[in-house]
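Have the viewer open and follow along.

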Amino acid sequence: MPNSIAVQRPIADLVAGLAMVLVLAQLTQHMLAASAWLALTSGLSYLVIAVVVAAAWTGELRGFGWANRVTLLRGALIALIAGSLWWPSLWQQHAMLLVGVAGTALLLDGIDGWVARHTGSTSAFGARFDLELDAGFILLLCLTLVILDKVGAWVLLIGAMRYVFVLGGHAWPWLQAPLPESLRRKAVCVIQVVTLMVALLPGVSSAQATLLTAAALLLLSASFALDVRWLAGKSASNC
């Protein structure tokens, strides 16, 4: 029964994810002489993800599935990055290593879809989980640039655009219509993440980071404009 299945939240998987975050935080603390509070801040960041996942779980699959576990691993890495933002000096001293963590999260973004297709575990939940984690990751990288004072607060527009689009759907319901699969949209998402990570590298000056992220914002704006135009055309044709 769909309703009874939906009640069976993937608690064991989420708890395993929390344990992984705590282990990663402890390793980071040991290797980089990070604050002893890193496990707490990273763990709390992960709990935000876990609560949202548990609340949104639809139960359309028999279990959580390996594809969602890969996505959850990506979430653990993102939680570690979020937890580290409380200590900008950690980023200033070990930017390359932390960008490496972000790069690993980006690589996992390409693996979860492959796993879903090859294990027959594709689902609407998995696609939404992946999408929302991407959006949160991009916003987090933008916030990191602001905290490190490499780019002005305007860079948060890159991370906020997805959420503005979603809010716009409440005012204009035609924006909530499903969009067709698009390689352009996926490529733009990857470009955003790569650009933000490059801007975080210690060898990239504030001026260079500003130029890179400004170009990324223009590209993202154009991509969203194309989607809005397509949705508007579909809405008009259905009238």
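## How two helices cross

A crossing is left-handed if the near helix is turned anticlockwise from the far one by less than a right angle, and right-handed if clockwise. Before using that, some housekeeping: this is a predicted model, where local features need pLDDT of at least 70 and side-chain atom pairs count only at pLDDT 80 or more, while totals for chains, interfaces and linings use all residues. Residues are numbered from 1 along each chain as its sequence is written, and side-chain values use heavy atoms, with hydrogens and water left out.

Now to α2 (residues 11-32) and α3 (residues 38-56): their axes come within 9 Å and cross at roughly 160°. Axes here are lines fitted to C-alpha atoms, for helices over the stretch in contact, with angles running from 0 to 180 degrees between N-to-C directions. Helices are DSSP runs (H or I, at least four residues), numbered from the N terminus. So α2 and α3 are roughly antiparallel to each other (the label for angles over 145 degrees), and their crossing is right-handed.

## What sits between them

With contact meaning heavy atoms within 4.5 Å, the α2 side includes Leu14, Gly17, Leu18 and Val21, and the α3 side includes Ser42, Gly43, Tyr46 and Leu47. By class, the α2–α3 contact has 12 nonpolar, six polar and one charged residues. Nonpolar covers Ala, Val, Leu, Ile, Met, Phe, Trp, Tyr, Cys and Pro; charged is Asp, Glu, Lys and Arg; the others, Gly among them, are polar.

## Ring pairs

How many aromatic pairs does a search of the whole structure find? Five, counting rings of Phe, Tyr and Trp (its six-membered ring) whose centres lie within 6.5 Å; planes under 30 degrees apart are stacked, over 60 edge-to-face, the rest tilted. Trp57 and Phe125 have ring centres 5.0 Å apart and planes at 85°, so that pair is edge-to-face. Trp57 lies in the loop between α3 and α4 and Phe125 in α6, so the pair ties together parts that are 68 residues apart in sequence. Both are buried (under 20% relative accessible area, 1.4 Å probe, protein chains only; exposed is over 50%, partly exposed in between).

Phe165 and Phe224 make a tilted pair, 5.6 Å centre to centre with 55° between the planes. Ring pairs also link Trp57, Phe64, Phe125 and Phe129 into a cluster.

## Positive phi

Most residues other than glycine have a negative phi. Ala33, in the loop between α2 and α3, has phi near 55°. Asp149, in the loop between α6 and α7, has a positive phi of about 60°.

Note on methods: Helix = DSSP H or I, 4+ residues; strand = E, 2+ residues; numbered from the N terminus. Parallel < 35°, antiparallel > 145°, perpendicular 65-115°, else oblique.
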